Amino acid sequence: MNQYLIGIYKGELSNPQLNELMEYTFKISKNSITTISISSPENLTLLVGEEESQLSTGLTDQYYLLTNELQKLNQYQDKYYFVYDYRNRKIVKKPTVRCFPLIKITISGTQLQNLIQTVKDIKQDVFAGFKINLEESGLLIVEVLLSSPMLEMINKGERIPESSQCDKHYLYLSELTELLSDPTLCNSVQTKAIAD
């Protein structure tokens with residue numbers, strides 16, 4: 001089962017809060033929504049979408065609509081940080097377009113918000129998602145996924161033509177990889193699609 005990050009709740013949700021949140025998300029979303037609790041170094045509750053399928057632009061669009069609804073709940077407004085709440089949103093023309101891994105990193109819960117914000121700050125017209133795995137040590141393994149034709153080529157084992165390496169999109173992917181590889185942002189880099 002794949003788990004894709006939708007939001008971070010700063011704190012621990014009580015059972016009544018958790019039940020209320022699950023009931024609410026069930027009413028407005030067909031997606032299977034669950035939570036991951038992290039207690040080290042601070043209490044955080046991650047809201048994630050559980051999916052059997054690979055992340056697609058259609059799924060990111062559904063998470064965006066869910067995020068808009070969750071932001072209307074007053075009791076959560078100040079404590080939630082959402083992945084899909086950016087102002088400029090590309091219209092989904094091909095919802096089946098898949099998102100492919102740019103980088104996989106090991107990170108602590110406290111670094112997670114900075115990771116998401118870094119991706120948002122230099123966001124182009126691509127959809128970003130975060131696949132999450134919780135390690136026994138309390139650290140997270142996070143894969144940053146993008147709907148990029150270039151990443152799709154790399155994923156299929158195809159070589160990127162040299163002419164494309166000066167391309168604006170390639171430079172964007174390189175810059176984002178470099179930013180996310182920063183030791184202040186992550187504990188370690190496991191894999192990356194764009195080589196140094």
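## The largest pocket

The largest pocket has a volume of about 180 Å³. A pocket here is an open set of points on a 1 Å grid over the protein atoms alone, with protein on both sides within 12 Å along at least five of seven lines. Grid points are joined across faces, edges and corners, and the volume is the space filled by probe spheres set on the points. This is a predicted model: local features need pLDDT of at least 70, side-chain atom pairs count only at pLDDT 80 or more, and totals for chains, interfaces and linings use all residues. Residues are numbered from 1 along each chain as its sequence is written, and side-chain values use heavy atoms, with hydrogens and water left out.

Lining residues have an atom within 4 Å of a point. For the largest pocket they are Thr57, Lys90, Ile91, Val92, Lys93, Lys94, Val97, Asp125, Phe127, Ser147 and Pro149. By class, 5 are nonpolar, 2 polar and 4 charged. Ala, Val, Leu, Ile, Met, Phe, Trp, Tyr, Cys and Pro count as nonpolar, Asp, Glu, Lys and Arg as charged, and the others, Gly among them, as polar.

## The cavity

A cavity is a set of grid points where a 1.4 Å probe fits but cannot get out. The structure holds 1 cavity of 30 Å³ or more. About 40 Å³ of space lies in the largest cavity, and its lining consists of Val83, Tyr86, Ile116, Val119, Lys120, Lys123, Ala128 and Phe130. Helix H3 (112-121) and strand E6 (128-134) are the elements that give two or more residues to this lining. Helices (H or I, at least four residues) and strands (E, at least two) are DSSP runs, numbered from the N terminus.

The largest share of the lining, 3 residues, comes from H3. The lining of the largest cavity divides into 6 nonpolar, no polar and 2 charged residues.

## Helix H1

Helix H1 (residues 15-28) has 14 residues, which should span 20 Å at 1.5 Å a residue, and its end C-alpha atoms are 20 Å apart, which agrees. The expected span is 1.5 Å times one less than the number of residues.

Leu21, Tyr24 and Thr25 are buried in H1. Seen down the axis, these buried residues fall within an arc of 95°, so they line one face of the helix. The arc is that of the directions from the helix axis to the C-beta atoms. Buried means under 20% relative accessible area, exposed over 50%, and partly exposed in between (1.4 Å probe, protein chains only). The face turned away from the buried side of H1 carries the exposed residues Asn15, Pro16, Glu23, Phe26 and Lys27. The buried residues of H1 pack against strand E2 (32-38), strand E3 (44-51), H2 and strand E4 (80-82).

## Thr67 in helix H2

Thr67 lies in helix H2 (residues 57-70). Thr67 is buried, with a relative accessible area of 0%. Leaving aside neighbours within four places in sequence, Thr67 is in contact (heavy atoms within 4.5 Å) with Ile6, Phe82, Tyr84 and Asp85.

## Helix H5 and His169

H5 has 13 residues and reaches 18 Å from its first C-alpha to its last, close to the 18 Å expected at 1.5 Å a residue. The buried residues of H5 are His169, Tyr170, Tyr172, Leu173, Leu176, Thr177 and Leu180. They cover an arc of only 160° around the axis, which puts them on the same side of H5. The face turned away from that buried side carries the exposed residues Lys168 and Glu178.

His169 has a relative accessible area of 15%. Apart from neighbours within four places in sequence, His169 is in contact with Gln124, Val126, Ser148, Pro149 and Met150.
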